[in-house]
Amino acid sequence: PVITLNLANANKNVSPRLYGLMTEEINHSYDGGLYAELIRNRIFKDSKTELEGWSLVKESPSEKASIKLIGAEEQVPNDERRNALNGAMQACLRLTVEKTDGRVGIANEGYWGIPVRPSTTYHASFYIKGTDRREPPRWSWEPKPTTAPLPVIENNTPGPITVSIESNDGKTVYATGTIHLEKSIYWKQYEVNLTTAANITPTKNARFVISTNRTGVYYFNLVSLFPPTYNNQPNGFRPDLMQMLVKMKPKFLRFPGGNFLEGPGITDAFPWKTTLGPIANRPGHHGSWGYRATDGMGLFEFLKWTEDMGAEPLLAVYAGYSLDGDHIDAGPLLKPYVDDALDEIEYVIGDTSTYWGAKRAEDGHPKPFKLSYVEIGNEDWFDRSNSYDGRFNQFRNAIEAKYPQLTCISTIPGTQYPSMKVTGKEPAVVDEHYYRDAWDMWQNASQYDTYDRNGPKIFVGEWATREGAPTTNLNAALGDAAWMTGMERNSDVVIMSCYAPLFVNVSKDSVTGKKAWQWDSDLIGYDALNSYGSPSYYVQKLFSHYLGNKIVPVTVSNIPVQNKPLSRRDSVEGKKATTVPTVFYSATINDTTGTLYLKIVNTTAKKQPIKINLDGVLSVDPEAELIVIKGDKPDETNTITDCDKIIPVSASIRGVKKSFLRKLDPYSVSIIEIKTK
Ligand code: AHR
C-alpha cells in the first residue's frame, strides 16, 4: 500500500471536541464502580433479596439475635414509618440481640467484596437509634399492626460499638474502631475512621462489620464506608478509575445516559432534583439495568467528575419518553418536563442569583459550569408513536429561547430514520449510535467520507465494536481504530464521539456465578480492588492523545482487501460476499508545532509493507515516535488477572523522510508522531 499525505492542504479543522466519554449506571458503573462508596444497599432499599448485601454476625450458636428489614420501599406500615430517618430514608435495618456471649452484629459484603489496602484510612458513618418499645400512637380506625411485637428486651444499650473491616470468616481484622453509643430513641449519626496496617496484603475478600456485645434493639440507617477518594473529595470517586479516565483526555462527558436517562418507565427517569445535597436526602431510584441506583452519584457529582477530568458536560435531558415505550405528547402535559430541563440547565450554568444556580453554590460550586450542548432524550427512534418531532421542538424552543448560546442535539439521525426526523428548523447536531462487530466497522469506516457537508453535524454519541466479554478483545480494538480513522478524517462533520459503555464491574457472585454486568464488550473493567483497560481503551487513549488540530488529506493506493467468508446461512439467503480494506488510516497535524500524527491500522495476520509519502513539507525530522498496540491473535485480550497483555509500546524510529517505508505489524494499530516544518 501507498499512503500519501497532502500536508499543504491541511485546511479543515479537527473538531476540538472530537473525543469524549459517555456514561450511565450500567454494569455497576457507579454503585460498585466509579462512586467510591463501599457499602452495598446502604439505605436498605435494594430489594432483590430481603436485606440485599447484609447478613447477621454471630460468634456462637448459643447467641440469640436476628436482623430484619423494616419498612421496605413502597410498603411502609404505619407503625414502622416512625422509624424513618426522613422522607428519603424510610427503610432501615433492625438488629435484635436477645442473648450474646461474644459479639453480635451486622455485616455488609460490599460490591463483590470490600477492598483492603495497606496503610489506608476508611471513613465509616451510620445512623443508629434504639426503641422505647412502646406501642406507637394509633388512631382507633387504623388497622392493628401485622408485624410481630418486639421481644421484651432492653432498648439499645449504651456503650461501645465496634466497627471493623475483616476477612469474610471474621478471623482476620484488617482495621477496627469504636463508637460510643448513646441510649436514644432518636436517630443519631456516628462516624469513625478505620486504618489498616502497613504490612497487610491487598485483598477484596473482606466484609464490613458493626457489632456489639450487649443485648438490645438497634436500628441502622445510611451505613456508609468510604476509602480515600480521587483528590480526597467527599462523596467522591475511585482514584484508579479516575486516573484512567484523565489519561484519556476526554473533551466532554455525556450524561446521565443512555437508557439510564429514560428509566424503565416515566416515573423512573433520572430524577436529578433528588440526587442533590447530602446523601441522607437521596432516596435513589429504579435504574434501567435491573438494579437500583443510590444516586450517590448525582447531578453535582457528574459535573464535578467532568470538571476533574478537564472536560465539559454534555447534558442529556429527559424528553418524556421511557424504555417501556410510554411517552408524553407535546403540549401542556409535557410542559412540566420542559420546565424541569430548564431548571436542570439553570443548575449547571445559572449564576448564583438564580434559584438553581444558588443551589449549586450551596452544593459547593458557585461558579457556573461550562455547557455548550444539550441532548434532548435518548434513542427516540424507538418511539414508534413518532412523538419525538413535537417533543423535540417543544424542548428546543424553550431551551433556545432562554439559553440562545446552547445547541440542542436531536437523537434521531435523519440519514438513518428519514421518516422520523424532526420537522421545522433542521437540528444543528444529531446523535447516531453504532454497535457493530469488527467486520461491520471495517466495512463502514469510510461512511462519513461522502456525508452531506450541508446537513446537521454528527455526534456519534454511542458506539463500540462488540467483540469480547466483559471487556473487548484485540479484534474489537482493530474495529474501533478503523472506525476512528473514519471519524477523524471527517471530523469537520463528526464533531463529537464517545464510546459506550465505558465501565464494567467484572465480578461474579461466588455462589451463584451471576455476573455483575448486563452488557458485554465494555471499555474499562474492574472488581472491588483492581482495574484494567481493554485493548479498545488503549486505542481510545492514544487516538485522543495523539491528535492535531488540522485534518491532513490522504490519498491511498494498492490497499489489499479481504473477503468475508459466507456462512451457510448467508449462502442460503443469497447474500453476496463482502470485501473490506485491510489497512485504515488518518492523519492530523498541529499547525503551530508542525507535529504530524499518522494513524495506520493493519487488520490482518500478515506484516504489511507500506510506503508513506509526506507531500508539501519543507523538512522532516528523521527521528519519530512510534506507538503500537498489537497482538498475536485477534481474540487476545486483557483481563482482571492479566491486565497488561495488550498495551501500547513506544519506540523511537529513524530514517523518516519525505518518502519512507514501514512494515506494519500483524493485527496492529500504529501511531507515528513526526516532527515536520
Ligand atoms: O450503551 C448501552 C445502551 O445502548 C444505552 O443505554 C442505550 O442508549 C443503547 O441502546
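Begin at the boundary between domain 2 and domain 3, where eight residues of domain 2 are in contact with six residues of domain 3. On the domain 2 side, the residues touching domain 3 comprise three nonpolar, three polar and two charged. The model is predicted.

Next, select residues 239-247, which form helix H2. Which residues of H2 are buried? They are Leu241, Met242, Met244 and Leu245. Look down the helix axis: the buried residues of H2 fall within an arc of 160°, so they line one face of the helix.

- strand S2, residues 19-22
- helix H4, residues 299-308
- strand S23, residues 524-526
- strand S24, residues 531-533

Then step past the end of the helix. Lys249 follows H2 and has a positive phi, near 50°.

The shell includes Glu24 and Ile26, then Gly257, Gly258 and Asn259. By class, the shell around the ligand has four nonpolar, four polar and three charged residues.

For the next selection, take residues 461-668. An unreviewed UniProt entry lists this span as "domain: Alpha-L-arabinofuranosidase C-terminal". In the model, 15% of residues 461-668 is helix and 36% is strand. The C-alpha atoms at the ends of the span are 26 Å apart.

The last stop is Tyr451. Tyr451 sits in the loop that joins helix H8 (438-444) to strand S20 (457-465). Is Tyr451 buried, exposed or partly exposed? Tyr451 has 15 other C-beta atoms within 10 Å, so it is partly exposed; a buried residue would need 20 or more, an exposed one 12 or fewer. With neighbours within four places in sequence set aside, Tyr451 is in contact with Asn490 and Val493. Finally, draw a distance from Tyr451 to Val494: they are 43 residues apart along the chain, and their C-alpha atoms are separated by 9.7 Å.

Note on methods. Residues numbered from 1 in each chain as written. Predicted model: local features only at pLDDT ≥ 70, side-chain atom pairs only at ≥ 80, totals over all residues. Contact = placed C-beta atoms within 7 Å. Nonpolar A, V, L, I, M, F, W, Y, C, P; charged D, E, K, R; others polar. Helix = DSSP H or I, 4+ residues; strand = E, 2+ residues; numbered from the N terminus. Arc of directions from axis to C-beta. Near = placed C-beta within 6 Å. UniProt positions renumbered as here; feature names shortened; annotations may be inferred.
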